[in-house]
Each structure stands twice: as C-alpha cells, then as structure tokens.
Amino acid sequence: MLNVSIVLYHTPQHQLNTVLHCLHGSPIVRHIELIDNGLPGRNVGYGAGHNQALRQTLADDVPYHLVVNADISFEPEVLEQMVAYMEAHPEVGQMMPHVIYPDGKTQYVCKLLPTPLDVFGRRFLPDRWMAKRNANYELRASGYDRIMNVPYLSGCFMLLRTSALRKVGLFDERFFMYPEDIDLTRRMHRYYQTLYYPSCTIVHHHEQGSYHNPRLLWIHITNLCRYFNKWGWLFDRERRLFNRATINACLPNP
C-alpha cells in the first residue's frame with residue numbers, strides 16, 4: 001500500500017537505523033528505496049533522487065508514497081492512521097503530521113507561499129525586523145492544533161497520493177535542493193487538499209544545514225532564485241490567492 005524513499009548524503013548510520021526501524025515497524029510499508037547521493041558522481045539532487053523512487057511507485061501503481069528525511073523518528077502507527085485518513089478522504093493529495101524537535105517544541109512546518117522577503121529576510125535581516133512577518137508566514141497564530149489545508153508543507157515528511165502525482169507531476173528537477181517541497185505542494189494544492197494533520201506526531205532532528213555551511217547557503221540561494229524565476233518574484237497571482245484563502249481559513253480574525 002505504501003512505498004517510501006529516503007535520499008541520503010553522508011547520513012550518520014544511527015540516523016538511518018532509527019528511521020528504518022520506524023518504517024519496518026509498520027505493516028503497510030511495501031518497499032523502502034534508499035537513494036545515496038553521497039556516492040562519488042551520484043549526487044543528482046534531492047528532488048531528482050526521490051523521483052527515481054516515485055517513478056517506480058507510479059509504474060507499480062502503489063497507492064501511496066512517503067518522501068521522508070533520514071533524521072525522522074515516529075511510532076509505526078503514524079503511517080496507518082494517516083493512510084486511513086487519506087483512504088476516507090479522496091480529496092486529500094498530500095499530508096504531513098505534527099512535527100516536533102527532540103525537546104518537544106513544535107516545528108512550524110505549515111507556511112504560506114513565500115515572497116522573496118519571507119525567505120531572504122528571515123535569513124539575512126535581524127530577527128526583530130522579521131518576527132511579526134515570520135509568525136504570519138509560519139501560521140503560528142493558528143495554534144497548530146487542528147487540521148489545516150495549506151499551500152506549503154515541509155518536505156521532511158510528505159505522504160503523497162500516487163493518483164494525485166499522476167495529475168500534478170513529480171518534483172521539479174531544476175531545483176537541486178530546498179524549494180522543491182514548496183513547488184510540489186503548491187502544484188498539489190491547485191487540485192487537492194494538502195493537509196497538516198496534528199493527530200499524529202513525528203520527531204525531526206532538524207539541523208538547518210544552510211545556516212552553518214556556506215556551500216549549502218549558496219545552493220539554497222541559487223535554487224530559491226530559480227523558484228522565483230519560475231513562479232514570479234513580485235507578481236504571483238496564485239500565491240496571493242492561495243495565501244489569502246489560507247489566512248482566512250487558518251488564522252483567527254483580528
């Protein structure tokens with residue numbers, strides 16, 4: 001019923017062992033594909049790596065596919081609960097659960113579609129200048145305590161309906177790394193619900209590599225520029241419509 005793909009890049013063995021233990025504990029996992037981008041000459045990028053596995057899922061007509069990071073842990077019943085929800089709600093094309101740090105704090109994985117200021121400002125401007133805007137961008141006032149249909153879900157754990165992928169396409173391989181989750185979720189959001197589902201919880205050992213590695217920062221910036229070249233820097237009508245609908249549905253009235 002469910003295939004899984006994990007893209008690796010010099011991944012610590014203990015991380016991989018942990019996520020594999022979680023996956024093997026679920027009876028609905030059919031196949032797990034490991035794509036090792038750390039091999040010499042084999043780094044095709046994050047989205048392109050997952051696409052190798054996604055194409056096989058499509059070919060085999062497996063109903064669901066999980067794109068998951070190696071630095072994730074969860075109870076095995078999480079997958080069964082989420083797939084059961086999608087089975088009962090065919091309008092849902094993509095889901096992700098409540099995500100917490102190892103210390104139990106909530107990760108703000110639900111976001112509006114970003115403007116250039118949202119992504120570059122939070123990286124390069126002082127926190128005090130961006131605090132209010134960041135809170136709005138990450139929908140923090142929603143409380144993260146109910147199901148929300150949002151246009152941008154983090155790529156660390158993407159439960160995808162295969163039939164929906166046939167309609168909207170796979171990851172855009174022009175993005176080597178980082179904005180591929182924004183791009184795929186917004187394309188999915190055009191035709192299906194893309195849901196945050198807080199009834200299930202996973203732990204994400206998020207390292208924010210581009211905040212510590214100049215090379216990753218350059219990759220991040222380059223690919224965000226490609227994203228805005230594709231969708232629009234200042235003028236993006238779909239972004240405006242999706243974000244307005246999300247704010248009206250998910251945030252309390254002022």
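**Close-up views of the predicted model**

**Figure 1. The lining of the second largest pocket comprises five nonpolar, three polar and five charged residues.** The structure shown in this and the following figures is a predicted model. The volume of the second largest pocket is about 190 Å³. Its lining is made up of 13 residues, of which Leu-113, Thr-115, Arg-133, Arg-239 and Asn-243 lie closest to the pocket centre. Two elements, helix 5 (127-137) and helix 9 (237-250), each give two or more residues to this lining. Helix 9 provides the largest share, with four residues.

**Figure 2. Strand 1, spanning residues 2-8, is mostly covered.** Seven of the seven residues in strand 1 are buried. In a regular strand, side chains alternate between the two faces of the sheet. On one side of strand 1 are Leu-2, Val-4, Ile-6 and Leu-8, and on the other are Asn-3, Ser-5 and Val-7.

**Figure 3. Strand 1 pairs in the parallel sense with strand 2 and with strand 3.** Strand 2 (residues 29-36) is joined to strand 1 by seven bridges, while the pairing of strand 1 with strand 3 (residues 64-68) runs over four bridges. Ser-5 may be followed in both pairings: Glu-33 stands opposite this residue in strand 2, and Val-67 stands opposite Ser-5 in strand 3.

**Figure 4. A right-handed β-α-β unit is formed by strand 1, helix 1 and strand 2.** Helix 1 of this unit covers residues 13-24. His-24 is placed in helix 1 and, with a relative accessibility of 62%, counts as exposed. The residue Tyr-9 is 15 residues from His-24 along the chain, and the C-alpha atoms of these two residues are 21 Å apart.

**Figure 5. The largest cavity has a volume of about 40 Å³.** Rolling a probe the size of a water molecule over the atoms shows where empty space is left. Across the whole structure, the search finds one cavity of 30 Å³ or more. The lining of the largest cavity consists of Asn-3, Val-4, His-31, Glu-33, Ala-53, Gln-56, Thr-57 and His-65. Strand 1, strand 2 and helix 2 (46-60) are the elements that give two or more residues to this lining. Helix 2 gives the most, with three residues. By class, two of the lining residues are nonpolar, five are polar and one is charged.

**Figure 6. Zero disulfides are present in the structure.** Are Cys-110 and Cys-200 buried or exposed? Cys-110 has a relative accessibility of 0% and therefore counts as buried. Cys-200 is buried as well, with a relative accessible area of 2%.

Definitions and conventions: Residues numbered from 1 in each chain as written. Predicted model: local features only at pLDDT ≥ 70, side-chain atom pairs only at ≥ 80, totals over all residues. Heavy atoms only, no water. Buried < 20%, exposed > 50% of the residue type's maximum accessible area, 1.4 Å probe, protein only. Pairing = 2+ DSSP bridges. Right-handed = clockwise from strand over helix to strand, strands pointing away. Disulfide = S-S within 2.5 Å. 1 Å grid on protein atoms, 1.4 Å probe; cavity = no way out; pocket = protein on both sides within 12 Å on 5 of 7 lines; lining within 4 Å. Points joined across faces, edges and corners; volume = space filled by probe spheres on them. Nonpolar A, V, L, I, M, F, W, Y, C, P; charged D, E, K, R; others polar.
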